[in-house]
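Dear colleague,

Please find the structure below, handed over for your records. My notes on what was found in it follow.

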Amino acid sequence: MAMQRRNAALNHYYFSLLLVGIVVSVVSRRLEPLFMVLPLLIALLHGHLRQSTPQFTLQCQLTPLRLFEGDRVTVMLRVHAQTALPPLELWHFLPAGASCADGRHRVLLALAAGEHRTLQHEVTFARRGKYGLGRLYARVHPGTDLQPLLAEYHFDQLCSVYPHVAPLPHHLPPLSTHASFGNYVSRTAGEGLEFASIRPYSSGDRVRRVHWRTSLKRQQLYVTDYYRERNADIIILLDTLVSLGSPLANTLDVSVRAAAALAAHYLYHKDRVGLIHYGGACTWLEPATGQVQLYRVLDTLLGTQSLFSYLTADIARIPPRVLPPGALIFIITTMLDPRIDVALHDLLARGFQFVLLLISPAHVMATDHHWRASEAIAGLWRLEMELRLAELRRVGVPVVVQNSDDPLLGLYSVMSRGSLWPHTRQGWPAG
Amino acid sequence: MAAYKTGLACWLSLSTLLWSLSPLLFSQARSIVMLTIVTAALALSGWLTATQLLVALSGGLGLLTLTLTLVIAAQPPNLWLGLTAGIALFALLDGSQRFAYLRHCHVEPGVLTAWLGVFMRLAGLSLLAGLAVALLVVSLPSRGEIAAAAGLLTIGGASLFVALLALVLLYTNRWQARD
């Protein structure tokens, strides 16, 4: 990398003082002012006439490149000086939203010829997103620092910062399951891993299922029965119509974190999880299971943003493979945009079971400075929401309103009340 | 890191004191005291807030104050005083520039030694140059025939010198831009 020499502002100051000294010396007919600026003259001449370009190599390594909010990326810088290196300033430029958690990302070092130095610092990100790291600025300060050498190095690598996944304290089993491999067991025997019973052999049973110990004891063939495995379809519908708050604390980020936590929880229990972004236009991710699906969901959540639109997305346009019958739908919304009501009515009319997770803007945007005003606003918001939710509650839709930092805190108590979802297909015309 | 910062701050404080208080050695007139205080305040605020312009202004004001003091007090020529004050001014300007880096950067071992080495080298060169000029100045009055022309030569030489220096600076700048 070629280095460029630039004049520092100090040159102008030195030169101005030099002129002042000479003029004052001439005017006052004294030699002292001339002697006062003599070191500045020497420094100027030394800085401009003695110009050597030091040789060094620089390497930058970032690990890991996929992490969650609050996790740290370790940045390792290796400097090898081929010639003697005067004070070198290395600055690892951090993008907005990133901060240096440990060590310093701006270092000043001097090396002898052939010397190596490894520097390390850790970077943390407060918010999900894709961040470009690895841009380095180097500035060598030879001699008097009047003409520093500048260079820019690009070791650009993209860091994916996924939303924070908080573990749920309890499992929230869905009401309806279907035959597939999963963590739920059926009451009927069939293919699976969970032991059900031992019964006498009948024609057609597989030999590998013979329970030899019992068969030898009873002198008759017995086979082992297993329970059938089942799993469920979980759909997370994320309302991206509106986002309130600052870039660092907003309702959309809270919603995204809740969605990530739910997806990770159900995928861990081997359920199929899908994701729908309900904005001006609907985008979705088909339900699937496994670790790969978790990263698909997280990657999709990474780019979630609220885009202004006059359009109203139609639930009916979402294909059945994305919104399968019998799926449990978690709707995460602030209900600030009335267009979400249309979606809720549609889902109710189509007989879907859903849980409404209400993100409170008053809670997300609460400030310590005006806590009385915040409390009053929160109270008003809650009253308004209660009015709007009364109809949904009347038909038995479970509603969880955010009361703390964790919007999923009240989920377990709501979902463990038993049969919550009546058949609401009747009397609910599709929006 | 804190030790480096404290050390450099002490060094800068000492330079500020040496630079700004030197006029008080020759005159304690109220106006001189006021100018001295302003010079010190400018220097101090300059390196504390990393504003090089303030330090340079302090340099200019201090230069004027010291010259004024010497003229008012009608002191005999004192070249050592000029040289000492000059090195203090250089230490102040150079040190304030270095101090600005300590605000943002983590300083690895060996950096301050390199800085100090550069300063010592330049201070030594300044002393040598000062000595050479002083010898020249001392030998001039013994040659009475050219003493009358010395004033004119000084003015002409100073103008020529400034012009040459400006040319050197311009030339080296273009040279680097081409590289």
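**Backbone notes and architecture**

A:Pro64 sits in the loop that links strand 2 (56-63) and strand 3 (66-68) of chain A; helices (H or I, at least four residues) and strands (E, at least two) are DSSP runs, numbered from the N terminus. The peptide bond joining A:Thr63 and A:Pro64 is cis, with omega about -15°.

Please note that this is a predicted model, in which local features need pLDDT of at least 70 and side-chain atom pairs count only at pLDDT 80 or more, while totals for chains, interfaces and linings use all residues. Residues are numbered from 1 along each chain as its sequence is written, and chains are lettered from A and ligands numbered from 1 in the order in which they are written. The scores are ipTM 0.84 and pTM 0.73. Chain B has a mean pLDDT (the predictor's confidence in each residue, from 0 to 100) of 83, with 86% of its residues at 70 or more.

Two further backbone points concern positive phi values. Most residues other than glycine have a negative phi, and most peptide bonds are trans. Phi of A:Arg29 is near 60°; this residue is in the loop between helix 1 and helix 2 of chain A. A:Arg29 is exposed, having 9 other C-beta atoms within 10 Å. A:Met335, in the loop between strand 16 and helix 7 (339-349) of chain A, also has a positive phi of about 60°, but A:Met335 is buried, with 21 C-beta neighbours inside 10 Å. A residue is buried if 20 or more other C-beta atoms lie within 10 Å of its own, exposed if 12 or fewer, and partly exposed in between, with C-beta atoms placed from the backbone.

By an automatic or database domain assignment, chain A comprises domain 1 (4-49), domain 2 (56-162), domain 3 (179-231) and domain 4 (233-415). The C-alpha centres of domain 2 and domain 4 of chain A are 39 Å apart. Their contact takes seven residues from domain 2 of chain A and six residues from domain 4 of chain A, where contact requires C-beta atoms, placed from the backbone, within 7 Å. Chain B is divided into domain 1 (2-139) and domain 2 (150-179).

Chain A also holds an open, mixed sheet of six strands in the order 15-14-13-16-17-18. Strand 15 (282-288) and strand 18 (399-401) of chain A are at the edges, each with a single partner strand, so one side of each has no neighbour in the sheet. Strand 14 (residues 272-278) and strand 15 of chain A pair in the antiparallel sense over five bridges; pairing requires at least two bridges found by DSSP. Helix 5 (residues 251-268) of chain A lies across strands 13, 14, 16 and 17 of chain A, at about 175° to strand 13. Axes are lines fitted to C-alpha atoms, for helices over the stretch in contact, and angles run from 0 to 180 degrees between N-to-C directions.

The largest nonpolar core has 129 residues, and those touching the most other members include A:Ala259 and B:Leu92. Such a core is a set of buried Ala, Val, Leu, Ile, Met, Phe, Trp, Tyr and Cys residues joined through C-beta atoms within 7 Å.

Between the chains, the contact takes 41 residues from chain A and 52 residues from chain B. Helix 1 (10-28) of chain A is among the elements on the chain A side, and helix 1 of chain A gives the most there, with eleven residues.

With kind regards

Terms used: Two residues are in contact if their C-beta atoms, placed from the backbone, lie within 7 Å.
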